[in-house]
Structure formats: C-alpha cells, structure tokens
Amino acid sequence: MSTLATIPQPPAVPLVGNIFDIDPETPLNSFYSLAKEYGEIYKLVFFGRETIIVNSRKLAAEVCDERRFHKSVRKNTLEEVRCLTGDGLFTAYHGEENWGIAHRVLSPAFGPASILGMFDDMYDILSQLVLKWERFGPKHAIDPADDFTRLAFDTIAYCAMSYRLNSFYTEGTNPFVEAMGSFLTEAGSRVRRPGLVQRMMSSTNAKYAEDQRVMLDLAREIVEERKRNPNDRKDLLNAMLNGKDAQTGKSLSDTSIMQQMITFLIAGHETTSGFLSFFMYYVIKYPAVYSRLQAEIDTVLGTEKISREHLSKLPYMVAVMREVMRLKSTILGFAVEAPQDEVIGGRFFVKKETSVFVMACNVHRDPEVWGDDVEEFRPERMLDGKFEALPPKAWMPFGNGQRSCLGRSFVWQEASMAIATLFQRFDFRACDPSYELKIKQTLTIKTQGFKFFAIPRKDRTAALEVPSLSISRKASSGALSLASTASTKLKPMYVLYGSNTGSCEAFAQRVANVAPRYGFGVSIGTLDSVTSKIPTDGPVVIITASFEGEPPDNAGHFVKFIESAGDIRFAGVRYAVFGCGNHDWVHTYQRIPTLVDTTLAAKGAERLVERGEADAGGDRFFESFDEWEEKLWPTLVQAFDAVATASSKAGLGVTVSSPSQRASTLRQQDTGLGTVTVNKLLTKPGANDKHHLEFKLPEGMTYRAGDYLAVLPTNPSSSVKRVLARFNLTADQELSITSATPTTLPVDRPVNVFDLFSGYVELAQPATRKSIEFLIEHAPSDGPTRSALQHLVDDYAVSVLESRVSILAVLEAHPDVDLPLSKFLDMLPAMRVRQYSISSSPLWDPTRVTLTIGVLREAALADSKELFQGVASTYLSGLRKGDRIHIAVRPSTTAFHLPADPATPIVMFASGSGIAPMRGFIQERAAQKAAGREVGPALLFYGCRSPDLDFLYADAELEEWIARGVVDVRPAFSRATDKSEGCKYVQDRVLHDRLDVITAFQRGARLYTCGSSRVAAGIKSVCMRMLQDLEGEALPHNDQSLDDHWAKVMSERYAADIFG
C-alpha cells in the first residue's frame, strides 16, 4: 500500500465537504476548472459521500472495464430520478431484473432494420419543423433549444409510441417538457443537499411531486389510448405491451411500461435536442465548416428528398457530428463502481462501492489523445481514418458497455436526417454574431440564449413529400423456427445465428427459406444450440453480430466453446460466416464475426466463402447481405453436389441433428450414441461395487479433463415389470399417447409399453405430496387405504422423502387405488440425464472417455420388498462391450480444470469414486511429462476402506505414476488405519500432512476436491485450520468472517465437485 499515490482533493469544509466547489447552476464549468487544476483524477466529498472523478482516457479505459466496474446509480442524480422512472433502462441499479427484461424485449425494436423502418415517421415530424421555419420566414429569430426540443419530443413519441403530440401546432412549452426540465434541475440539486434541509423545503417538494404527476399522466394517457385502440405497429409501445422476455418468460407491468416510456421521452429528446443546438452553434460560428458541410449535402442530395441511401454518403457531416459530440457531449459522463477494492493507473486505490464518475466531457479533451488544441473545433480530426485510429474509450458520447444508450442508432439517424434536410433547404445566420456559448444544464446540457435566422434557399427548395399517416412496417416476429427435411434427395445444412435485435435472425431465416431450392434440407437454431459439436455432415452457415465487442445473448456459450477448445480441432467442419455491425464502434466493429471466422479456420475448419459484412451505420446493410448470399449458394451447390431445383417446396421432417427419437423427445438433443468398450469391476468382495467404464465417443464429440459425461439411462427391467404387473399390461403391447400441451412423452405414434416405462419416465423418484393427495381422490371413500395415504401426506418428510417411496411403491402397497394409466403417466417426471465426472484425459485418447462410478444398491426402505437401485449406476454397471448409449460431454466450471501451465503444482482431495476427475488430471500430467514437458508436483489425498478392497487404480496406474514422479499419493483407510499413518478419513490425512499442503500452497498450487458434501466439509475445515497456521492473528475471529475469508483466499486457487 505504501506505493499507492494519494488521490488529490480540493480543500473541504467540515460537514458539507466540497459542496461550495461546484457551481449549482452550471456544474459543468466547475468540473472543467477542477480538471485543469487537479489533472486526470481527483475526489470530492459531499456530506461524507466520496466521489472520485476520472478525466483521462487511460483511467477511463480501466474503470470502463465491465469485468471490474459496473454502472452506479447510487448516491447521484440518477438515484433521485428513480422516484419517477424506477428501474427503467437509464436508472436501474446494477443487476436489477427488470433492466434485463426491458433490454431484451426492446433491443429488437432498436435494431438496424427497425430504425431504418422508422425513417418515414421521422421525416413526417421533421417536415413539420421545416414547414414552421419556412412559414415564419427569414426574419424570425429561432431558438434552437426550443424547436429542437419539439422535434425530438414529437419524434420519439410518434416513432416509439405512435402518439402525436403536435408540439409544432401548439403555443408555449409542452407541459411534459416544462415539468421535465423543472424535475431534472431539482433532482440534480437534491444530490447536494442534506436530507434534513430537503425535508424542510415544503414548496419545493410539492413542485417536485407535481412535476412527476404531470409526466406520469402523459405516460398513462398514451398507454390507455393504445389499449383502447390497439394496432399492429411494430413500435416500442407494442413491444412492451405484447412482448415477453425470451430468457425469463416475463412481461413488463403497466407501471414498468410507463416508467420506460418516461425514460424514452426524457433521454430520447433531451440528448438529441441538445446535440442539434450545439451543432448549429459550431457550424454557424465556423464559416469554413459551414461551407464544406453544405457543399457536401448539396452534392449528395441535390433537390431530392432525403432517403435512407443518402445517409451513408455524407462523411464530412459525420465528422462534424462526431466533433460536436466530442466538445459538447450532452451527457457529462457516467458513474461506475467496483464490487471489490481496485487499483487503477497502477497507483490509485479505489475502495469497493465508491462512486467513480467518468467525466466524458474531459476525457474528450485529453491532450494525450487529441493534442494540444483540444478546445478547438476541428472536424478534420475525425476524417481520413483518424477517428477509427482512436484508442479505446477516447470518444464516449453514448456512455459505456452494456449500459450505454440503447437508442443511439435512433438518435444518430434522427439527427442526421435533420441536419442534412435543414442545410439543404435553409441558409443560417446568427442573430448575434458576437454571441459566446453559454450552457443551460439539467441532467444534460443545451445552449442558452443562442438564436439564429433560417433563410429558405430558393434554388434548393423542393416541395416537401410528407408521408401518409398510415405507415406499415414489417419486422421479424422473433419466433425461432426449427425445421429440417427428411427427404433423402436434400443435403443436410445448418444455419446458426447470434442475434439480439433480430437482424441476424432475419438473415438466417432468409437462408433457411430458400435452401430447398438449392438442394439442401436445413436445420436452423441459435449459435448456443451448438456448444459441444459442430456438424460435419453439411455446410454450417453462421450469421452473427457484435454488441460492444461481446457476443449476442444467444451466442455467448458458442463463442466461449470455440475459444476455450484448447487443442480441439474442427477438422471436417465446412462453414461460412456473415457479420453485422456498426462502423461507429470502431474498436469492436465485426469483432465476434471475425473471431468466429478466424478461430474456426485456425483450428482446422474449412472456410467455404469469405466472411461477409453488413454495416448498420451505412446505406447498404441489406444489399451487402444480398451480394454475399449470391456468392454463397453456387459455392455450396458445387461443394456438396447438391441438386438445385426451381421449386421452393421441400418435405420437412425431424431435425437431422437429433441423435435418436428418445433423446430428442426428452429434449436432450445434444446427446449422441457412444459405444461401450470396457466395463470392469474395480473393487473386491466386501466393498461397494465400483466400476471402470470406457466409451468410444460419438464422432466430433470432444472433452477436457475435469468435464462431465451426461448419460441418458433406462430404468431397471425389474422396475418396469412392476409397472406392467400393477396395470395388467404385457411387454409386447403398444400405447398411443396424445397431448394438447408440450410433453416429453412420445405422442401421436404407437410406442411399445416396455420401452415407454423403461426410457421415458422416472419410476424410482420419491412421490410428491401433491401426487399422493391426487391418489387419495382415487382411493375408496372408506377403509384403511385412505387413512394410510393421508398419513403419508401428514408425515411426508419421514414416510416418503427419507424412505424414498415412489408413486409406484404407493400403488403397489394399495391395489384398491383406482388410478387410470393416463393419470399415472401424467404424474411421472421425465427421464433425466445423470452427469458423472470424466476420469480420463484427451491426451490419453481424444476419441475415448472413461467413467469411474459407484453402484447404488441398498436394502429396501419402508414396507417395500424391492432392492433400492440407483437408476443410472445400475444401468451403467450392467452394460457390456459393444452396447450403445446416449451420452454427451458437458463442460465443468472453468475453475475445475487443470492450470494452463503444467508446471503449476496441484493438490487433490478425494474419496471413493471421487477419484474420477483426479485420475484424469494425473493422466494428463503423465502424458505431458512423457512428452518432455516440465510438470509441477501433484499431491493426491485419497480416502477408501482398505488397500485390499477398494483402493481404486492402486495396483496399476497409480503405482506407475508414482514411480515416474507424476504424483504423490497419501491414502486414508477407514478400516485399516494402521496402513495410513493412523488416519481414518481423507481430512485426517490432510491434517497429518499439512506441512506438505502448506508448502504446495505457498508455491502457487491449485486445490481440487471431489466427493460427498461430508468430505468437502471436512476438507474445508482442515484447510481453514491451515490458513490459521499461515496467517495467524490476521484472520477474522467470527465464523461468518472466516467463511468470507476462505472464499476470498480460495476464489482463484480452489475448486470443488460435490455430489450426494
């Protein structure tokens, strides 16, 4: 800590702190001055609350790292605004559920296709502004802050909510706008007032409440109007009223919808109107800029009405917009905080949960980025690749990361249309040529006192083309369609997309729709539907976007899979990638499409066509896809010998990637058919059975040491026969099942009764209380059965759960319960997969995997005469060489893998079959050592009954690995303690040999535990004792603090796989 630098602070006044250092009317000016005085970082204290201010690009880049910091709404103006907007997009606390729901519901409505679809509606409102200025004439002094507020306010209301406010046809300021300005000014002031003083300001508080009522009344009126007169417009209001979050299944409440609407109305017009006001000021003030801008607009638009295609052909206008946003970003900055203590810049300590305010207006003036002329207005600094070459976080007018402005594309298109149209149709002159810029500040900033004349340009004035009030826009429904073909004439093809806004999904659906014409039967799904195996039997077309350089919500797992695949190769995969992005986000433009493309190619996959790009910030978004698609189909037809047909129809059937009918019906599509190659008993008589099994993996399935193998088992035949006997069925009978709702049972086809009860339902799972209550309804109205069932309900925990009494067992015990077979089936849960830790390493054989399992067979409980059998362990123990079973590799947590550097020491704790992942780790280290690599020490603490009964792998592999110096094994034998240094359990042996564990830990060892919860608790207790030996008095003294300390110390050094 002695090397840390003190963060400077202006001299403070007792109690109130730095309150007098900030101008209450225009705080921005104070922050400019303080930055010049104190430099890149300083702190302020208001009534005991500390805020750190960051002004440099380098420090901003650190605190904008969302792995370390997140947006803060606490103890600042945004928290005051929450009384009106609640957990809206702008004011939600970090992690609030409603923010995620609203963000996912609304993202498609702010996607490139949707924003372009608003073009005509935006022009509708813009034309009203143009008509007003033309009718008022060249001698009317225009207040841009006022008219641009009307423009932006009406635009967001009409485009987002299809609601006409008609601000250009009313006198005075809209009541909402007036109330909003007053409310935001007061919200900013409240942050700097003591609570006691605030409570005494009764008239101010009453006005604050009245302003909120005015704004809520408008939001409520808009919602109620839509409910009275619903329509099918694809606007934000319908998205909120009718949309459901795909991730949680939840919808937004009416209160939340009104809060979101007020958020849109505030943020959507405050920033745009402020920006346009500053734009007019700077351009009018600098004649050379004015001349060049208007010349470019004249060249591109001529006398034509602006169109979508024009927007991407105005590079100088874009440069001017960016430079205006640099000098006068309408948001001053944003606050972040860290969930843990941090050090930034290598020397400034930031305590967790301390508010850090990124002063964007000063970051935009960092001389290390922008040079010594940072205060000069020079659009040229944004031209000729200079903007694209800026370092990260040098330009942040829309905020940062996932909490940045969701509507930035809306704002950019609206402002671009307005600027181009206004400079096409008018010449501008300042009313007061000597005017110097003054700022009016609320939550954002605008010009104050600046006015200009708008003189119509007779040679450039064409008749306005005002669109019809009835505009129809089409957008993707967002529904995911899964389809494939069963026709043998069609080649299999896979279309995978990553999409938040819906644009990439729409492109993917276009490919899928026409695939049969080219001889392909298509399966379509999200990228996250493919996270363990990329198909090799047909082309894989990937269409994805980037969001702030991160994958879309439904592509993150896929990206993680291909990035973390290690030595896994994708040989046999043939693919094509198309990416969507926006070139304004220079440092992350096309990052994810590029990453997917290059990673697949680097790992052996074959690229079929060059990656395509669509730029949502350009005019050729859809055309770019069309051109790429024209290259795609001829390549695919030739590469796969597909037969193109003029017909667009093809028979559709089941998804080709489903490994079997049972797995698909049970929604376990990621499983494949593996083959048993070895099944041997590891234990001797007198010990619980433990088996070693080896499987040949399905083609293309890969794994890492430490991963899981998911197994889809079947019920023991003895259990199935009990069902047949109870319902008077024979094994050769067939059933036909129908269901009005989705089900995991095989429907609308005959199914063998033995197969049904063997593979589709759980028979051994304890009955639920609700199930037993249902059985009571089918029991005789009098007699012992009814009372016996009621006893099970009353004493459920002991008589059912602890005794593991299944529905089948209850029915067998009470044959007079008249339960139809259909009701019995309806009560049974679906057969589920079981996960087992893999006990091998791919360095041993990448095509094979091993399991080490304990077989669960116990004496009957309650009144049942049946042996209680573990469904999956019994199934696995009975497999023979050549049997085929449904399996899938499931990745374990990131922590439960070996360190990337094999020289890192490891310490492992296990008992019984918990040795499984440790065997894989040791096997991998043995292979690395054999290859000549340096491997670190490996220490295994293992508990079992005795060296003669169940010391798994001791007489073969472990003995060999010990001799080669790969591992040091320290056993604990519960029934032969004389052979394990007097230690009975594994934790006893750890405590006995604690000096060796401490030495390994001090050398950077990683620690792993695999076993029952009892074993894990024992290991934790011993390790905490060792921590006390290491740290002594530095450790906390109460249990909760000790647990917190353990979690902190072990967060990056310890991983556990606990079962039972």
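Phe47 comes out partly exposed, at a relative accessible area of 26% (buried is under 20%, exposed is over 50% and partly exposed is in between, using a 1.4 Å probe and protein chains only). This is a predicted model, in which local features need pLDDT of at least 70 and side-chain atom pairs count only at pLDDT 80 or more, while totals for chains, interfaces and linings use all residues. Residues are numbered from 1 along each chain as its sequence is written, and side-chain values use heavy atoms, with hydrogens and water left out.

Back to Phe47: it sits in the loop between strand S1 (41-46) and strand S2 (49-54), where helices (H or I, at least four residues) and strands (E, at least two) are DSSP runs numbered from the N terminus. Its phi is positive, about 50°, even though Phe47 is not a glycine. Gln590 is another non-glycine with a positive phi, here about 60°. Gln590 belongs to the loop between strand S15 (574-581) and helix H20 (591-602), and it counts as buried because its relative accessibility is 2%.

The contact (heavy atoms within 4.5 Å) draws on 20 residues from domain 1 and 16 residues from domain 2. Between them the two domains bury about 1,400 Å², with 57% of it on carbon and sulfur atoms; buried area here is the accessible area (1.4 Å probe) that two parts lose on being put together, summed over both. On the domain 1 side, Pro112, Ser312 and Arg408 lose the most area to domain 2, together 28% of what that side buries.

Buried residues of H8 include Phe176, Met180, Phe183, Leu184 and Arg190. The buried set packs against helix H3 (77-85), helix H7 (144-161), helix H9 (195-200), helix H10 (202-228) and helix H12 (254-285).

Arg190 also has its charged end over the ring of Tyr208, 3.8 Å from the ring centre; the criterion is NZ of Lys or CZ of Arg within 6 Å of the ring centre and within 35 degrees of the ring normal. Arg726 does likewise over the ring of Phe727, at 5.5 Å from its centre.

As for ring pairs, the whole structure holds 37 aromatic pairs. Phe561 and Phe570 make an edge-to-face one, 5.9 Å centre to centre with 70° between the planes, and both residues are buried. Rings of Phe, Tyr and Trp (its six-membered ring) pair if their centres lie within 6.5 Å, with planes under 30 degrees apart called stacked, over 60 edge-to-face and the rest tilted.

Lys132, in helix H6 (residues 119-136), is buried at a relative accessible area of 16%. Beyond residues up to four places away in sequence, Lys132 touches Asp147, Arg150 and Phe168. Trp1046, in helix H36 (residues 1039-1050), is buried at 8%. Leaving out neighbours within four places in sequence, Trp1046 contacts Lys1020, Cys1023, Met1024, Leu1027 and Tyr1054.
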